Every structure is written in C-alpha cells, then in structure tokens.
Amino acid sequence: MNRFFYTHLYLACCISVAAQTPIFLSQPSQSLGGAELTVVLQDSHGWLWCGAKKGLFRFDGLSFQPIGLADTFATASVTSLYESQGLIWAGFSNGAIGHVPIAGNFPPALTGDTETEKKHAPLLALWEIEEGLPAQKITAFTEDSSGAFWIGTYGEGLYVWKNNRLYQFNANDDGLISDDVYALASDKQGRVWAATDAGISLCTMSASGKKQIQNLGIADGLPDEIVTVLLADDRGNMWAGTQERGIVKFDIATLRPSFRTMNWPYGEVTSLTVFGSRELWVGTGRDGLLRVDLATGGVQALPGDSPFRHVKLHSLCKDREGLLWAVLDKGKLYAANVRFGFWQSGLSNVQTLLSDQKGLFWAGTQEGLFLQNSSLNTVPAPSDFKKILAQNVISLWESPRGEIWAGTFGNGVFVFDAQGRLLRQLSERQGLVNGSVLSISGDREKVWLATLGGVSTTRVDGKGLSQGQADLGTSYVYKVFRDSRGRVWFCTDGKGLALLENSRLRFFTSAMGTTLKTIYSITEDKRGRIWFSTDHEGLFCLEGNDFKRFTTENGLHSQNITGLAVDGNGLIVIGYEDGFDLLNSERVDHLTFFEAGSGVNLNALCVDVPGNVWLGNKDGIIRSAAFDETFVDDPQPSITAVSVLLKSVDFLTTHIFSHSDNYFIFNFAGLWFTNPESVRYRYKLEGYDPDWKISRDHLASYPNLPPGQYTFRVQTSEHGNFVKVPEDSWSFSIQYPLWQQWWFVLLSLVSVTGLILAFVRNREARLKRESQLKRERVESQFETLKSQINPHFLFNSFNTLITIIEENPSLAVEYVEHLSDFYRSIIAYRERDFISLQEEMELVGSFSFLLQKRYETGFQLVSRLNGTVGQVMPLALQMLVENAVKHNIIAASKPLTVEIFTENDGYITVRNNIQKKIKPEASTHFGLQSLIIRYQLLGEKPVIVVENGNFFTVKVPIKT
Amino acid sequence: MNIKKYWLLLSAALLFCSTGSFQMSKTTSPYRCDNGKVTFKSEATLETIQARSNKLRGAVDPTNNTFAWSVDAISFDGFNSALQREHFNENYIESSKFPKLTFTGKIIEKIDFQKDGRYTARAKGKLVVHGVEQERIIRCELEVLGDKILVHAQFTVPLDDHNIRIPHIVNQKISEEVYLNIEAELRLTSS
C-alpha cells in the first residue's frame, strides 16, 4: 500500500480550494545543500535530474545526489536538461554544455558530507567539440527523427550537431524568425519547432546539409509572437505556450491551430505538461499552476490564498507514476498527484452523486438535490450548482430515457427530466413499500427501488408500482444493481447477496468459508466480474461461480468498505471511512491507498463518461482521475553501485573478479516517488543465497564470497507482496584462485612429473657414471697392481738389490724399505679418489729411488713444486713416471730426465724427453687412458697430453 | 522576456549611442592582412605531410562583424617532395580549376575591437575548398592590440566534405582529415 499522508494539508486547504486542487508535497531538501533548483527532468530509468543555480543533482525521492561539475560550469546555472543516448545533457546560462551518463556507478553517500560526496559522484563532463560551445544561455535541446541533436540558445539562434559537425541557424543568414530561442520540440515529420521572441520557426536540415525554415506567426494562428514553451504530445499535436496570450495547440500535419485558450489573465507560460487527452497542466510566470480541461477548454487557477497561486513556476515534469513535479520560485521542488484532487463544489456531506450522459453532475445531500447548471467546464466553480429539490437525497439513478430518479430519506422518489424539471414523485402513498429509497437501478422497462422496507419495482415510466421482491423480506437493501447481462443483484442487510436471474432469486450466504450477511456495495468490472463488499469481511470478487476474497492481508486498507466503483482504466475504487484504495483488477495484488479526510460516504460514488470516479464525502467531492494514459504502478528497482572490498567498481563494464576480491556490497534503489519511504526490497544472490531476503535497506553485503558464478537480483514492492514486480539484476563471476584453475593444476602436474622424470634420469646418469668410475678405478688399481707386481719390475728390482746387497748392505736395507713403502702406499691409496700432492710425491720419491738405484745416472727425476698444495688421483704421477721409463731408452749416455713441476696454472706437469725404444715394450695403453677417463668421470678439468718432437708432456689437473 | 516591448526603445537607444561614438570610432575601416600563415597537416599511418603558405589574405570588418579569408592553393610549399606538391595541386586541390581556398562569413560573438584583450570567438561562414562550399563554425583566438588583431585558429577539414577523393593505395599516406592552422596579424587600414 502506498499512502498520501497529507491529512493536515488537506484540512488546511480543503475549505478554500478551488476545483481540482492538487496537493503539493514539499520534497526533502537538506541534501541539496541550499542549492536553488531551476529545472527538473525524469530520465528513462526513472531518476529525477534537477538542475540548479549552482549544480546538478540526481534525486531518488529521498535525497539529492550531487553530480560533480567541471570548472567551466561552476559559476553558471543549469538552464536546460535533456536525455539522449544514455546521457543527461545539461545546458548552462553561460552557453556551456555538459553530459553525464544516466546509468553510471553512483556510489552511495557514505559520509553525508556534500564535499566528500562530490568526489564520489559521477562527473558532468564538458562537451568538447572543435567548433566551440555557444556563449549565450542554452535554453533547450531536442533530437529530430534523423538523430541530429539541436540546441537552442537565447541570442545565438539554433545549433545542430549532425554528422559530428556543429551548424548554426540564425536570423540573419538562415531566416530563423529570431535568434532568441526559448524552447525546442521535434515533431514526427522530422521538423524541429523553435519557439522564439518573434514566433515559431520550423527547421529541418537535410542529409546534404540544406537548411529549411518555415515560420509561424500571428497570421498562422499564434495568439502571441513570443512563444515561451513547446510541448509535442503523442497524439500528433504541438502545444505552444505564449508570453501573454495563453496556449495554442497546432495540428502537426496541417500546421493549423486546433485549440486555443480563450481569455488569458494569467501571464507568461513557463512550462506545460499534458495528461492523456484530458488535461493540460500549465506553469506560469506569476500565477502558479493552472489546469486546462481539454474537453471544454476551461482554465482553472489555484485559489487565491494557496501558496502556489501567485508564484513563478520554473519547470514542470510529469513522472512515470503520474506525479506532477514543479520547481517553484526560490528553487524549491514540489510534487503533486494530480490524479487525485478535491472539487470545491460548495457542497457538503454529499450522500449520492451522478454524472449524467451529458456530463452534468447531480449531487444529493441532506439539504437537497443539486444540479450542475452548465457543462462549459466539466469541473465548475461552486456557483455552477443549483438546488433543484429541498429533500434529503440519498440515491440517484439515470434511466435509459435520460430521466433522473432521486431517492430521498422518507419521501420516496422524485423523477426529473435532464434539465432538472420535476416530472413526478413516487411515495408510500403511491404504494412504495418504504419512503426511504437507498438505491435505484433498472433497465428500459423496469426499475427496482431498494428501500428500508424491502424492494419495490415499477415500470420505468413510473406506472404500476408494486411490492417487488417479497421473498427478500423486509430487510434493508443497501444497493440494487443491474449488471451488464441484465441480472439484478441485491445487497441485503442480514441475508447476504441476492441475485435475480430469469425471475428466480438466489442467495449467496457464504463465500470462501465466510458467512455473508451484510453487503454494502456492488459493482461490475469490464470483464464482467462482480465485485461486492461486506460490512467488515472485506471485498469479494465473483467470476463465474468462483469467489475471491480480499482482506487487509492482501493489502486492503481496511475491511470496512463503504462503496465500490470501476474507473475508465479498469481500476476498482474502494471507498473507506478515511480514504480510498485503487485496486488493479488485472494484478489483484496491487493496491494504492489515498487518504482522504472524512472518507467516502456509503455508496456515494459515481463514474463519469470519460471514466473518472467521483466520491462524495462530508467535505464535498473528491475526484480520482482516470487519464487515458498508463502510469508505472510499481517501484522501479535499479542497482546503483557495486563495491568490492569497500571500493566502488565500474559494474557496467566489469564482471570478472579475482578470488581475493570477495567482499561485495550492492547498492540499489527503488524509484517510487509516490511514497519513497514505503519501498521494500527483495534480493537474492543467485549462486549463493538459497532464498530471497526482504529488507528496507538500500544495500546488501556479502563478505567472503567463494569463487563462482553469481547473479544479484533485486526486486521492489511498495506493499510487500512481491508478485509480478519489476527486477534489476547484475551478473558477475569470481574466479577460482590460480591453484584451483584447471589449466594451472594441469600445468603443475605436468611440471611436477617433468621434474621427477628429470630427477630420475639425472640420478640414473649419475649412478651410471659412478658405477663406471668405480669400474675404472677397480680396473686402474688392478692394472697398477698388475704392473707393479709385473715380473719385470720385481725381477729388475731384485737384480738391483742383488748388486747392492753385498757391497752396501745399508743401502740395500734402504732399498728394500723404499720398495716396501712403495707397495704399502699403493695398497693404502688405492681406495681413495684423491690423495694429497705431498703423499703422491712421497710415493713418486720411493719409486724414483728404486729407479735411480737401477739406472744410476741414466735416470733423473727433477721436481719443482714450489710448495704447491692440492690433490691428485693416487698413483697418477707415479704411473706417468713409470710410463716414461717404460717407453724410453735409459742409458748413462742418453739419460732420461723426468720433470715434475707446476706453472701456477692449476696443473701439475710431468715432462720427459723423448728417446723412444726401438722395440717398444708391449703396452695396453691402459694407464694414461684410464687416468684421462677417471678425471673426466669425476667432472674435473681434463688431463692434457702434449707430444712434440722432443718432449712428452702430460698435465694433470690439481684439485684444490 | 519583454524583449518585444522594449525592442523599439532599446534599438533607439543603441542607435543613439552608436551614432554618438561613430565619428570617434576606429572601427569604421576593416582590418586587413596579406601575409598570414596557413599550415596544413595530414597525419596518415605511413606519412605525415605538412605544407604551409605565407600568403593568406584576410579582412575583418568590425562594423558588421564580417570577415573574409583567402589563400592561393599554389602558394603552399614545404611538402616532403616536389612530386607531392605537384600531386597536391594537380590531383587533389586541382589548383588550376579551383585556385583559391576561401572562408567568408560572420563572427558569432560580439567583439569590442576598441578594447585591447584576448577573445575567444566563433566564426560562422562558408569554407570553400576544391570548389566545394561547406558551412562551418570555426573557433578562433583573437587578440586585439591597438590597431592590430592577432588571429589564431585550428580546425579540421574532412577531405570527403570537399569531394577530394583519395585513391585506395594512397590512403595510407594521406589522412581523411587534414588539420589547418591559421595565424595572421591584421592591421587597421586607413581607408
């Protein structure tokens, strides 16, 4: 339910209001920061954009969100607003033009501090074009059917933005009627109408750039040269408001005026808005808001003491809910629901109402029967009613013959002709069962009169009055109703609902398990469904044989219903003692409540020819207008901002987030200017929430969302019944972290497998190398041992020993000691990979001693190690010395000199002079080869072998 | 809003004022120049072509805010090659058929030429290039210095607007839009 809480305003105004005074509601302005508004526009999403003397705001019904302005705009005021291509365009008093996206990210105001909010707000960007912007006030924008963008200025004529180029239309060069443009509007024929100080110019620009102008002046039907406002309606008309001669309507096809206001004491027209084909609401420069009834041309101003009577209205805007927005002098914003208003009729306690076929109103009160005496204005001034009968009139009926039947309290029925002349009276004297006639209904032949004593019937010409439905007993009948199929329904007090069909009476005494006793009111909708109300059981709908029941649980304001009617748009109007509901009969969950002071008197409702519903109450008459135009009747949800980890993100373009961006806040709004406070939200994060959540908050937060696909859905309702309500949604995904991505897992598996494989291969290779090394070493040891226990060596050694054992026993002892040292060393070192150079040299020393004793001066070993330290493979040097001895001639005349030295290059060099034996000793060439391989296997530097003519040189790397 | 009503009065007053100062005014004769600089620049993907002329002739009439500019197409020089200049004159601009590039029209803003200072103004007029006339609004910077006006303007000329067709292969060398840069110093002429 949404409600208009303006009881106090109503009480203050209703005494003096003129016909159809809308009730203005001031809008909350604290968030404006004192800005004076100048112009208001509703965009296609439903937001209200308000231009101000300093600034631009977006309004959601609750607060104004400031839009950041570039410096160019800072000192100027907004003079016009327009929506095109998803942007709001703002024209300024200094000629500047800016634009801002409608659906950008509008992060909520977190601090309430206007300056801080400005930093968060979207920015109005300067429209930058090569041609430069006008220097005079921008008064209007429009777009023609080719998509060209037109700009009106006050002083520089018109500009057109077409094919990315700006062109000008002015008075001197192009024949514009004046350079001072007040307003622009485009018609369906592709023309742009420019309202100027000197008339209207109809401008077109062809694709080739050819300009065409046709001017309309006084001779063409304009009442005034100065045309200040233009409004193109969707029925092929162009409305023009002038400076001092009122309003004229041009037919766009013929360019002829098809309507104009007659006399105009109201001053300049500043803005226009039209409701269907019925009503034009006019903002004026000094006379506030006017209403023009388009059926009659009647113009009504607000009453003289209304605060909105003698003011300047800057801007008017009709919103999608049917509210009329007005920017008043002093820059204040007001809204009014002009569909609902009070009729200053001068009548009070209206008990019954009738709008006859000619559109004239008949009203019955305790004082008498009143007839509207002229139909010039459908909503007349109080003096338009005249009293035609001094009776307490409680029911009215218009017969198909156009006669008006008025039922009184106690004195029967009075029948009038359409002009209000009394034709006849039917009373108890003529046989009426009771003189108090609560309701009258009938057809071309028969009339049923519901009285406090039962029902009487009579012929429509008033003859043959009879006691009608005796079977209804003598109970009260509050209402008798003949439906479109010719059936007659009786709302009884105590016996439920009675139906007379084919001369048989049938009683409905229970429905949906509820006992039906007292029925107050009944009506029929366009689909033939019967709606009836009870004294306190709520509302029932009968379709075929099926009942539906509506109670306060369905959103009814109350279960005490005083009357029912169906308006021209098919809405069920439900009267209560304190207001009325509008029920959308197609969407039966949907109700809108209007509070109306003293409520609605019992069955004091009527529908006029256009379909408006009029309700009588203690204070007079209320209108619930049914304009031939549809309005939005739900709050419109809109996601306004999304923030991730408390930082707002551009959610229109960003939809994918990383796994660490998992704290989401969604801001949303439900645009429902009729009653912004009543909006309820229902939201659900698809992919996370199992159920909908219902809340009044404007945000939903989700900390710590796991990776996945999500859609945030939000719906709005103003009564809490989320049935067939509009929705906004936003889809996004949070990516799985790197280590949960399938490709990463795959890649990791592949690399791990690769690593293991590489390790295994490496290890195999190493093991292979090690085993080879081991084999080499074993072979080397074997060879060494084999060579050292080589019989030649032993034989030679023993021969040497024999020669010295006798002549020099002590030397012989020494010789044996060296021999044994030599063998012990071989055995001691064979298992080791490396031995120190020093150990090796000791070994070589022993070996050399043995050789020297054998060859005497034929063999010489020279070692120059200069204290070099390091390690070599065991027996490496010994093997080289042995090789030298093995392959060369050794004689005193040709001594063999073996040199062992270092050159500080990381090698130890073994060099001997070459004097090859003529018959070389049998050799496996194993020793040197084995040394080279072993060094290679251990990953050391390679052994270098150099043989030139004179020397054989082997360089063995020293391991440090 | 009551412009209509006060129009007569206003124009009478204006007429009186303007005739009053008419004799004293220096704005009775036009400003002229015949050595203004025009730079032409085409930035295509493969080549940037620049050429200039120092023979821009112009006149600004402060009494009615009108102006006229003209430059001979053959006076452009400084192309990347002599052949390019020949192409410019023969293939594109067709200098023999359309010898002049002109821009004539009115200044939209009212400028007080009697008061020294810098102004940003928009010139609305007809740009004739290659014999094709296009209506253009061109923004320019004006600096009034005694009896001199310095004018600086920058704008683009889409070749298509002026029926200058670029063969397909050449369009990597010549851009669809060329930039023009105008710098001129106009002096009050004693009439």
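Apart from neighbours within four places in sequence, Lys446(A) contacts Thr457(A), Arg459(A) and Val460(A), where contact requires C-beta atoms, placed from the backbone, to lie within 7 Å. The model is predicted: local features need pLDDT of at least 70 and side-chain atom pairs pLDDT 80 or more, while totals for chains, interfaces and linings use all residues. Residues are numbered from 1 along each chain as its sequence is written, and chains are lettered from A and ligands numbered from 1 in the order in which they are written.

Lys446(A) belongs to strand 39 (residues 446–451) of chain A; strands (E, at least two residues) and helices (H or I, at least four) are DSSP runs numbered from the N terminus. Its C-alpha atom is 5.2 Å from that of Val460(A), 14 residues apart along the chain. Lys446(A) is partly exposed, because 15 other C-beta atoms lie within 10 Å; buried means 20 or more, exposed 12 or fewer, and partly exposed in between, with C-beta atoms placed from the backbone.

Helix 10 (residues 926–937) of chain A has twelve residues. Its span from first to last C-alpha is 16 Å, close to the expected 16 Å, which is 1.5 Å times one less than the number of residues. The buried residues of this helix are Gly927(A), Ser930(A), Leu931(A) and Arg934(A).

The contact between the chains draws on 13 residues from chain B and 15 residues from chain A. The table lists elements of chain B that each supply at least two residues to its side touching chain A.

| Element of chain B | Residues |
|---|---|
| Helix 1 | 3–22 |
| Strand 5 | 117–129 |
| Strand 6 | 132–145 |
| Strand 7 | 148–158 |

Terms used: Contact = placed C-beta atoms within 7 Å.
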